[in-house]
Amino acid sequence: MCSQLGPAQDLTVGEIPDPTPGPGQVRLEVRSAGVNYVDALFVEGRYQIKPPLPFVPGSEVAGVVVEVGPDTDGAPEPGTRVLASIGLGGFAEQVVAPIDAIVAIPDGLSDNQAATLVQSYATMRFAFTRRTKVRAGEWVAVLGASGGIGMAAIDVARDLGARVVAVASSEQRLDRAVAQGAEATINTATLGSADPSTPVDGVALKNALREATDGGVDVAVDPVGGPATEAALRALDAFGRLVIIGFAAGDIPVIPANQVLLRNRTIVGVDWGAWAMANPAENLALVHDILSDAAAGRLHPQEPTEYRLDHVGAVLGDLLNRSLAGKAVLVP
């Protein structure tokens with residue numbers, strides 16, 4: 001429960017009545033709840049949407065249908081494994097969700113994988129196919145490569161035939177990126193920033209990116225922000241695209257416009273969540289495609305780390321300070 005906006009460590013575990021599904025809704029027994037950066041922003045009051053207090057955070061869940069509300073033609077039968085994107089309320093034992101927000105989980109995907117798949121993979125599939133077009137043979141640089149968005153970016157880029165250079169702050173994190181399909185790596189600790197909280201050396205990062213990609217990056221994925229953004233922009237080749245996902249470093253960069261003009265570069269903003277809400281049918285088709293590709297072995301979502309529900313404050317804190325690698329789930 002979030003009773004007041006502030007540090008994630010202030011979240012408390014409490015009891016509320018079991019939810020009842022209304023028309024067009026189903027009730028789910030939550031088996032796994034994905035933890036995302038946006039969940040921490042909601043709790044701290046730093047997201048553009050401010051829900052009334054108190055509220056239960058958590059936007060991605062996987063579980064089992066236990067009750068179907070009225071007027072729910074086409075709803076999955078009780079006992080069906082499903083995932084759901086619900087915006088808020090996911091860090092709980094039970095949730096209600098509209099039937100157009102749930103998707104059956106295919107065989108071969110665990111509950112934990114399903115609970116952490118949609119936001120990261122839908123963001124990157126949306127970015128690489130609708131906000132820009134990643135082509136086979138292009139070099140894609142991924143900042144923050146060992147995080148949830150970073151790992152999805154590597155996987156989706158490789159599925160599209162691109163070559164990937166992963167950027168992260170330790171060899172352990174880069175090993176994860178290589179296992180996911182990165183062809184080249186850059187350790188920012190060797191560029192003078194062993195502490196993830198210390199800004200990277202922008203000039204050194206730009207030069208390392210150019211060297212790793214034989215002269216210039218075609219697409220740079222930036223969920224990090226801070227000085228790494230300008231370094232990635234300056235490392236772009238002719239007609240290169242900088243894809244801005246978020247600002248996990250905490251600093252929103254000021255970008256020199258002349259560097260966009262030079263070499264005919266493009267900066268692309270990606271807000272998958274807003275697009276998904278405005279285009280639910282198209283987003284549902286996107287999610288179905290991702291699940292199908294994951295079930296067929298074309299995409300390779302990582303198995304996340306499990307934590308108990310009452311560890312939510314510590315997990316969100318680790319996510320905010322960038323000490324959490326990969327994806328995490330809360331298990332009621």
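Analyst: Strand 9, helix 7 and strand 10 make a right-handed β-α-β unit, where right-handed means that, with the strands pointing away from the viewer, the path from the first strand over the helix to the second runs clockwise. The helices and strands named here are DSSP runs numbered from the N terminus, a helix being a run of H or I of at least four residues and a strand a run of E of at least two. The model is a predicted one, in which local features need pLDDT of at least 70 and side-chain atom pairs count only at pLDDT 80 or more, while totals for chains, interfaces and linings use all residues. Residues are numbered from 1 along each chain as its sequence is written, and side-chain values use heavy atoms, with hydrogens and water left out.

Within this unit, strand 9 covers residues 217-222 and strand 10 covers residues 236-244. The two run parallel and are joined by 5 bridges, and two strands are taken to pair if DSSP finds at least two bridges between them. Val-221 stands opposite Val-243 in strand 10. Strand 9 also runs parallel to strand 6, to which 3 bridges join it, and in that pairing Ala-141 stands opposite Ala-220 in strand 9. Because 6 of its 6 residues are buried, strand 9 is largely enclosed by the rest of the structure; buried means under 20% relative accessible area, exposed over 50%, and partly exposed in between, with a 1.4 Å probe and protein chains only.

Leaving aside neighbours within four places in sequence, Val-221 is in contact with Met-124, Phe-128, Val-140, Ala-141, Val-142, Leu-143, Ala-153, Val-243 and Ile-245, contact meaning heavy atoms within 4.5 Å. A nonpolar core is a set of buried Ala, Val, Leu, Ile, Met, Phe, Trp, Tyr and Cys residues joined through side-chain atoms within 4.5 Å. The largest such core has 48 residues, of which Met-124, Phe-128, Val-140, Val-142, Ile-154, Val-221 and Trp-272 touch the most other members. Helix 3 (residues 118-131) gives the most to this core, with 7 residues. Helix 3 is itself largely enclosed by the rest of the structure, because 12 of its 14 residues are buried, among them Met-124 and Phe-128. Apart from this core lies another, of 36 residues, which includes Leu-28, Phe-42, Val-82 and Ile-102.

Glu-138, in the loop between helix 3 and strand 6, brings us back to the strands of the unit. Glu-138 is buried, with a relative accessible area of 8%, and its side chain makes a polar contact of 3.0 Å with the side chain of Arg-241. A polar contact is a pair of N or O atoms within 3.5 Å; within protein, one must be able to donate a hydrogen and the other to accept it, and residues adjacent in sequence count only if both atoms are side-chain atoms. Besides Arg-241, the contacts of Glu-138 outside four places in sequence include Asp-218 and Val-219.

Helix 6 (residues 202-212) has Leu-205, Lys-206, Ala-208 and Leu-209 as its buried residues. They lie on the same side of helix 6 because they cover an arc of only 165° around the axis, the arc being that of the directions from the helix axis to the C-beta atoms. These buried residues pack against strand 9 and helix 7, as well as strand 6, strand 7 (163-168) and strand 8 (184-187), whereas Val-203 and Glu-211, on the other side of helix 6, are exposed. Asp-201 caps the N-terminal end of helix 6, with a side-chain oxygen lying 3.2 Å from the backbone nitrogen of Val-203.

Between helix 6 and strand 9 there is a loop that holds Asp-214. Asp-214 is not a glycine, yet it has a positive phi of about 60°. Most residues other than glycine have a negative phi. At 64% relative accessibility, Asp-214 counts as exposed, in contrast to strand 9, where 6 of the 6 residues are buried.
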